[in-house]
Protein chains: 2
Amino acid sequence: MIEPASDAVAPCCPPLTERPFTADEAETAARMFKALGDPVRLRLFSAVASHEGGEACVCDISDVGVSQPTVSHHLKKLKEAGLLTSERRGTWVYYRVEPSVLAAMGKLLTIAPAAV
Amino acid sequence: MIEPASDAVAPCCPPLTERPFTADEAETAARMFKALGDPVRLRLFSAVASHEGGEACVCDISDVGVSQPTVSHHLKKLKEAGLLTSERRGTWVYYRVEPSVLAAMGKLLTIAPAAV
């Protein structure tokens, strides 16, 4: 099942340079940044994001030097943050990057013209 | 003194969707994401980034509901991650967003055409 996690987080937040974030905006955006704030998690995310077809199963991305339970743990965290969706097909669970969330995070980091 | 923190981190890393990150790339990029992975830190960063002239002193941005030592602690973390630079002028230390680092982080989150 593909989870609609992106619907909850995608609309979040103006560019960081536009105006001070509210507490709610900061909570939402910090959750996404925190999910990418771990080197192993970032490598796994990058491995999924750059994999052929934009999706990967655990079997494709387990070469980052940690155990498979650890890989699964990190993928779960990335899902909880809305950065990945997953779908079981047969034996394997396939992970896919949520492009709208990536776009929303990218937007946060654009520099508002007034701030330059 | 303006610290040249950006020189060390700005060149980091292709888009996350381009190819799997190496361990070194992941270390560098995760440090930046982690710095923004805390709601209070993100509010402070946004307050500096959106402040008039693109810089602010602690006196300008202390309304996020935490003590001034806590504010200073978080600003220090943001500096260590290369996201802010600081300069003492008279009584106050002024903080400024490092645009090249923001741009580098934004680049990480762009979606490589091959991955779409």
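Buried means under 20% relative accessible area, exposed over 50%, and partly exposed in between, with a 1.4 Å probe and protein chains only. This is a predicted model in which local features need pLDDT of at least 70 and side-chain atom pairs count only at pLDDT 80 or more, while totals for chains, interfaces and linings use all residues. Residues are numbered from 1 along each chain as its sequence is written, chains are lettered from A in the order in which they are written, and side-chain values use heavy atoms, without hydrogens and water.

Q: Is A:Arg89 buried, exposed or partly exposed?
A: Buried residues lie under 20% relative accessible area and exposed ones over 50%. A:Arg89 has a relative accessible area of 37%, and therefore counts as partly exposed.

Q: Which side chain meets A:Glu87 in a salt bridge?
A: A salt bridge is a side-chain nitrogen of Lys or Arg within 4 Å of a carboxyl oxygen of Asp or Glu. A:Glu87 is itself partly exposed, at 28% relative accessible area. At 3.1 Å, N to O, its salt-bridge partner is A:Arg89.

Q: How many residues apart are A:Glu80 and A:Lys76 in helix H4 of chain A?
A: Helices are DSSP runs (H or I, at least four residues), numbered from the N terminus. A:Glu80 forms a salt bridge with A:Lys76, the closest N and O atoms being 3.3 Å apart. An α-helix has 3.6 residues a turn, so residues three or four places apart point the same way. In helix H4 the two are separated by about one turn, being apart by 4 residues.
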